[in-house]
Amino acid sequence: MNDGPLIVQSDKTLLLEIDHEQAPDCRKAVAPFAELERSPEHIHTYRLTPLGLWNARAAGHDAEQVIDTLLSYSRYAVPHALLIDIAETMARYGRLKLEKHPTHGLVLSSTDRPVLEEVLRAKKVQGMLGARLDDDTVAVHPSERGNLKQALLKLGWPAEDFAGYVDGEAHAIALDESNWKLRDYQRDAAESFWHGGSGVVVLPCGAGKTLVGAAAMAHAQATTLILVTNTVSARQWKDELVRRTSLTEDEIGEYSGSVKEIRPVTIATYQVMTTRRKGVYRHLELLDARDWGLIVYDEVHLLPAPIFRMTADLQARRRIGLTATLVREDGREGDVFSLIGPKRYDAPWKDIEAQGWIAPADCVEVRVTLPNSERLAYATAEPEERYRLASCTHHKIDVVRSVVAQHAGRPTLVIGQYLDQLDEVAAALDAPVIKGDTTVKERQRLFEAFRSGEVGLLVVSKVANFSIDLPSAEVAIQVSGSFGSRQEEAQRLGRLLRPGEGGKVARFYTVVSRDTVDADFAQNRQRFLAEQGYAYRIIDADDLGPVDNVG
Amino acid sequence: MLDALVVTGQTSDFPRISIVHADRENVAAALERLTGLALVWESSTGLRPLSAVPDALIGAGSRVRPFSAAGDPADAERRLALLSPRARALLEHLDNGGGEGTTGGARTGLSPEQAETPVEELLAHQLLVARDRTTVLLPGEVAVALRGGHTTAEPVDVVPPLATSDRDAALIDRGAAGAAFETVRRIELLLDLWSTEPPTVLRAGGLGVRDLKAAAAYLQVSEPTAALLVEVAFAADLLAAGPNHEGDPCWLPSDAFDGWCGQPVEQRWERIARAWLQSARMPALIGSRDPVGKARNALVPDLASVFASEARRMTLAELAGLEPGQVLATGTGVPSLVARVAWQRPRRPRFRDDLVVGTLEEAATLGVSGLGGLARHGRALLDDEDAAAVLAPLLPSPVDHVLLQADLTAVAPGPLEAGLARRVQLVADVESRGGATVYRFTPTSVRRAFDSGWTSGEVHSFIAEISRTPVPQPLTYLVDDTARTFGNIRVGMAEAFLRADDTAALAELLHHPKAASLGLRQIAPTVLVSSTPVDILLPRLRDLGVAPVVESPDGTVRVARRDVQRCRTPRSRRADGLTIAREQAHVAQVVTAIRAGDRAAASRPVVPAGTVSSPSSSLAALRAAIETRSPVWIGYVDNHGTSSERIIDPVRVEGGHLTAYDHRSDDIRSFAVHRITAVRAVDRRG
């Protein structure tokens, strides 16, 4: 029996004991091919998935290396079937290659003829292929490059894409590092993306994904299309690029619902790209408006399905995806893999926090008991009304008030889902509120005021979930959310994790109503936090005072 | 292989031994052994096999037939040289195929020049012998000549080499131990499931395909692996057919299973592995098609062969022959092992090769071998030594603690001690199994512990006791929160309830000495429940001097009244109108009949009785009546012989029958003309 830190389970999960002395080495060895699923305090869980193994193959690891890692770190014997499965899965990647042919353009070639035969016979693939050039090579219609990769992944024979990229229209972009430095992991991330050609960089919220994007642009030295989730985040990208690179305001265009500029660097929102008029995507021509050399996808895990279809046609351009998590609530991780690219860089949340780049957080769940009258109303309510009833109880306002009072003087955000509730909270606390209907200008003014410390308390709806940089927030109070979405939890926590000065500890409060669906959803989110390694406490609203004084 | 020689030469002399493709010494040694076994004896003319030996060998896979009487390989060789390439190819094919073939009517008795087909050519050269019209045989001497003067084309004393490669012996052992651990764990898991939801025994015996699929999905293994596990559990007597609660035959864990569960893992494995080694069953065939094309089910009775156990032992013995640290090479290793076993026992049925391959796969799954090499505990198993003791140090040692985490999971970093595992499973759900086990605490799982009688204090102390890490606050909170709502609402059984606003009256009733038998219990100051049904309770309460009223299910008071019994008024059977109408119709009918009778009687002819009008005159009269449309009187004898008189209006006469309106029955009737005794005209007045 070996005394390693790793336990390999037969259901393809790997359990890593953190307190073990070999644990850091083991984590480094395992990370390239296994997805970190949970990282609570003692034992981290990794999962072996075909995508993960193919990601590893794409990064140049082979099956023998993977198996050796498992065998040498494993505490117990590794199930034989699992090893065979790993070897077989990894061997599937790269049997097929997409290559440039001097005379025939794009071709699909294989070193393994039976595989090629199998693939050629698959119905889904047939329409995408052209003439058979010789026994091992088939011509591919250039426009089907993305669709073919998607289809091949579904067949279980992911193709390696060696066909290269068009350079795009050259445009000088350089990082302007006069008063800041690119962090090591950001540099690594950008470089490993560049060597890989296309792919996804996974970094936690607040770790500076925008700068990785900027560094990638500096590598590409070409016109760039940036796709982001919403207008506010588009403006932030713009500000950040102006501040951190040689680009000037005139070189950066915004392509959103209100403004439609096309400049060497254009920032477009997902929403405008997916707007349809009479069943036609009207803004698709943006993709062809310029000879883009690089396409940046912000928040890949939110990429809407129509964009996937558009991305399928953009396979000749370099693509970089930025995200905090590869977990998609719709389970389309495979499409991200085949259309944007394999994972090129990954740094666990806690590691970056340990390096001091993001702030540590203290998570507290405050449970309020519904008064009897509301309990009755809740019990008799229609199921679809229940969540709103439970999460909008007036008791929460008292709790919020007392939490705010305890952290007086520290920048605080109150985040919620229901606008009525937000208005009520705002009125009770006498604080400004930002909702969907707040004008972009007003929003920016408030955010700016919050950043500068002019406003110490801000009530925001879910518009603030994504890509809004509020580095000064130290306390967040969540009063309601969208039905326990894990993604949302990550985003909201991300608001707090931007590093502040002098080792601040971020506080993350969630106020939930006990014995209701609110608490059930909260459990879901809590589990996510715990799995990310954030210990959390649960306290009753009545105990709020004394407990927090101790903390 | 030497017995081939014995067949070849019915009465052999020593030189003929040269036809065995082997070294002279080896042949001599083998002959000695055959003589020793008394299968061959030395007669005055040379060696002779027992006469039963050729019979036993031919048909049991021997590839050589006895020489024909005048046979001589040298002569055969000469004739072979004359053959056309086509004929030669056919001959070789026939030789490979067992030396016997059927032809579609080749002509015999031809000279080589006349031959048209290869078969005819061969027959003409006497290289094939026709047994009957359609079957041809390859005589022994020809076969020997074909193989270059030997009984086999390949030398028989050269042991086929095994393709091997080197692996770390410790790695082999660990790999195998991992598989062994998994096997034991999976069998326990499956049988645990089947003890509550047993699959039914098929009518033909065996386990249904669907049940096997479900088992495979449950165990997260492939179907063949699941089939193997089921089969070895069966072979180890852990699983047997027995009746379930309804008495239907089901596959159930045997009582040996309980004892087995209590043993340490290594002993459990030894029991399974030993059972597998000795079993005559062939799990590898499950799911394949039998000759009829039906899929074979697991656990069916006919899935056994006498060769299975032998093939298994020989295969493992070959593996055991390898140096420790040597394993079968990937790809080429398995076929080379098959060839080796085939060389050792050449006369086994063809499916033996499949058995060898199957054995290798099964051994790997069961943890007897690992990475293609026999593990140390596998070796011990084969040598009937204490395999469990060899295996024990390789297995994860049981642990007595778990690690608790804030995401409400508990990880046992090794197999938990048996009793502990069951207790943890009560409080938490299993999320992932393997060398370690991951448990998750949920409100449901904690409530389950409360349901089976634990208190929140016990749960807390149990968790604290088994955890090596501090108990996370959320878990403490979860237990308390579950305890808070647990038992909030209590449910009980009662036949009746008694409620009163007057608590004193209820208390009085409760403590009344005569009320003891009513089973009263106070559940609230104003509510009592009783275990006595209402209909008995009511009179008893009245006896006690209280005046209860009964509440109906919707809460209203049911006023008591003496039950007066009544039955339903019977309904009159028919409406009056109907009866009257029927009677009127009846009367009208009778009147009609009487009137018709009267008219008939009135118009009765005056001719004396006995004078019968002839049919022809009757017919004429009738025709006349039809033409004039006038009524006639007829005398008629029906088929009972009763004569009657009627007044009729004839309509037509056809085919000996008269169709007419009969005044008496007020209807159209048909009369047989020959039965009409007389016809008379009647005057129209009626």
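Two strands pair if DSSP finds at least two bridges between them. Helices (H or I, at least four residues) and strands (E, at least two) are DSSP runs, numbered from the N terminus. The model shown is predicted, so local features need pLDDT of at least 70 and side-chain atom pairs count only at pLDDT 80 or more, while totals for chains, interfaces and linings use all residues. Residues are numbered from 1 along each chain as its sequence is written, with chains lettered from A and ligands numbered from 1 in the order in which they are written.

**View 1. The open sheet of chain B.** Five strands line up here in the order 24-23-22-21-25, with antiparallel pairing. Strand 24 (667-672) and strand 25 (676-681) are the edges, each pairing on one side only. Neighbouring strands are turned by 45° against each other on average, direction ignored (axes are lines fitted to C-alpha atoms, for helices over the stretch in contact, and angles run from 0 to 180 degrees between N-to-C directions). Look for the six bridges that join strand 23 (residues 657-662) to strand 24; B:His657 stands opposite B:Ala672 in strand 24.

**View 2. Two helices laid over that sheet.** Helix 24 (residues 576-602) of chain B lies across strand 21 (632-637) and strand 22 (643-654), running at about 90° to strand 22. Helix 25 (residues 615-628) of chain B lies across strands 21, 22, 23 and 25, at about 65° to strand 22.

**View 3. A hairpin in chain B.** Strand 7 (residues 239-243) and strand 8 (residues 249-253) pair in the antiparallel sense over five bridges. B:Pro243 has B:Pro249 as its bridge partner in strand 8. Between the strands sit five residues, and B:Gly247 takes a positive phi near 90°.

**View 4. Helix 18 against helix 20 in chain B.** Helix 18 (residues 418-427) and helix 20 (residues 456-466) pack at an angle of about 130°, with their axes 12 Å apart. That makes helix 18 oblique to helix 20 (under 35 degrees counts as roughly parallel, over 145 as roughly antiparallel, 65 to 115 as roughly perpendicular and the rest as oblique). On the helix 18 side, B:Leu420, B:Arg423, B:Val424 and B:Val427 meet B:Val459, B:Phe462 and B:Ile466 of helix 20.

**View 5. Where chain B touches chain A.** Here 30 residues of chain B are in contact with 28 residues of chain A (contact: C-beta atoms, placed from the backbone, within 7 Å). The largest share of chain B's side, eight residues, comes from helix 8 of chain B.
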